[in-house]
Structure formats: C-alpha cells, structure tokens
Amino acid sequence: MKEIWIVCLSKDLKKYTDDQLLKYLPDSIVNRALRYLDRGDFLSFITGRLLLKKAILVSEYSKFSIEDIIYSDNGKPSIDGFNFSISHSNGYVVLVFGTNIQIGIDIEKRKDVDLKFFKYLFTDLEWNNIIQNKIPLDKFYWYWVRKEALLKAVGSSLKELKELEVYDNYGIYKGRKYYLNPFIFDTEFNGMIAVDKEVDFTCKYITLEALLR
C-alpha cells in the first residue's frame, strides 16, 4: 500500500510567513520559488518541495536531497530511482512517490471552463464523448485528470496528449499499459494516479507543521 500525501494550505497557512517556510529549503530551491509572481503558485511550489523533502527523509533514499533532482529531456523529475509526482490545485498540494515505478498524479478542482478552448487537445472520438455527455464538463475532467496523470507517469510532453489512450482504470501509451487509480480527497475535486504496476493507494493528510519538523 502506497500513500498519497495531501496538504490543504488553507488550514494552517496563516501560521507561517513566507520567510519561515523558505528557511527550510536550500538556496537553489528558494531562488526558483522566488521566480513565481503569483503567490498561490509560489506557495504551492514551496509546499511541494517540502513534501518531497520529507518523503526523501523517510525513504531508503535519505542520503539524497531535493537538490539531487534530475530532469529528463521532457522535464520529468526523479532522483536516482526514486520517482515522484506532484500536483496542486486551488489550495491543495499532493505528492505520490515510490522506487522502481513510473508514476504520475493530477488533481483538478471542477469549475466552469469554456470547453472549446481545449478541443485541440483531444481526439475526435474523445471530443465527441465529451460534448455528447449529459454533463460535458464532468466528462472533460474525467479525461483531463487521466491524461495529465498518465502524461506525468510516462514523462511525455503536452504535444503528445492525443497519443495517450485512457479508459476507466487503465491507459495506453506507445503500446504499454498503465494503471489508473482515482482517489477522493475532496468532493469538489478529481484526483488520479497513473502507475506502471498494480498498486493500492491510501490518502494521508499532512499539515505544514509536520513538514517543518
């Protein structure tokens, strides 16, 4: 059983200043964080790195640090066999991690969007399934979180989104099967994990205070 680590920023963010959070991160990560102009993105980035720092410490990879992250040509991060994926949306930040697996996670808060701006990202079949659904927006998010999670797991770029085939509980990329695991952490959100092995997951809620110990 693997864990999905979840932080709800709205619950205890007021307890800490930005500087108090940044002091727990190395200078290279701080410099990256300070590039974010939007405070929400800034805080989500910091929290994601604090989650990753804690995950490394409790794993067999504790000799490494978040400064040891390497990136593939398409930007997929990993640390010498320690694979992880981070996602954030509307005040939540989530992390999933493991060794010797390819894994990706995505969360999205369901909100009204103009679907026509996303048509180019879907195949004709997928688009027809979306617009012909009783609630097109629900079907849009059904597809979106599956494709985003799978995209992260395979380490591909957004331009290959149409090449990802997704179904209820699995996805296909270049002939290889990945397992799709939906998870519920808030009734207003969709959550999805893509992984190349059959694995069970459970949600673990973590406070900022726990990350700073």
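1. A residue is called buried when its relative accessible area is under 20%, exposed when that area is over 50%, and partly exposed in between. The structure discussed here is a predicted model. Of the 19 residues of helix α4, 14 are buried, so this helix is largely enclosed by the rest of the structure.

2. Helix α4 covers residues 39–57, and at 1.5 Å a residue its 19 residues should span 27 Å; the C-alpha atoms at its ends are 27 Å apart, which agrees. At the N-terminal end, α4 is capped by Asp 38, one of whose side-chain oxygens lies 3.0 Å from the backbone nitrogen of Gly 40.

3. The note now turns to charged side chains. Side chains of opposite charge can pair when their charged atoms come close. In the whole structure, a search finds seven salt bridges.

4. Because Glu 126 belongs to helix α5 (residues 124–131) and Lys 147 to helix α6 (residues 136–154), the pair ties together parts that are 21 residues apart in sequence. How accessible are the two partners, Glu 126 and Lys 147? Glu 126 has a relative accessibility of 8% and therefore counts as buried. Lys 147 is also buried, its relative accessible area being 1%.

5. A salt bridge also joins Lys 174 to Glu 160, where the closest N and O atoms are 4.0 Å apart. This pair links distant parts of the chain, 14 residues apart: Lys 174 sits in the loop between β8 (170–173) and β9 (176–182), while Glu 160 sits in the loop between α6 and β7 (165–166). Is Lys 174 buried or exposed? With a relative accessible area of 64%, Lys 174 is exposed, whereas Glu 160, at 14% relative accessibility, counts as buried.

6. The side chains of Arg 176 and Asp 196 meet in a further salt bridge, at 3.0 Å from N to O. Arg 176 is part of strand β9 and Asp 196 lies in the loop between β10 (189–195) and β11 (201–205), so this pair ties together parts that are 20 residues apart in sequence. Arg 176 has a relative accessibility of 41% and so counts as partly exposed. Asp 196 has a relative accessible area of 14% and is therefore buried.

Key: Residues are numbered from 1 along each chain as its sequence is written. This is a predicted model: local features need pLDDT of at least 70, side-chain atom pairs count only at pLDDT 80 or more; totals for chains, interfaces and linings use all residues. Side-chain values use heavy atoms; hydrogens and water are left out. Helices (H or I, at least four residues) and strands (E, at least two) are DSSP runs, numbered from the N terminus. Buried means under 20% relative accessible area, exposed over 50%, partly exposed in between (1.4 Å probe, protein chains only). The expected span of a helix is 1.5 Å times one less than its number of residues. A polar contact is a pair of N or O atoms within 3.5 Å; within protein, one must be able to donate a hydrogen and the other to accept it, and residues adjacent in sequence count only if both atoms are side-chain atoms.
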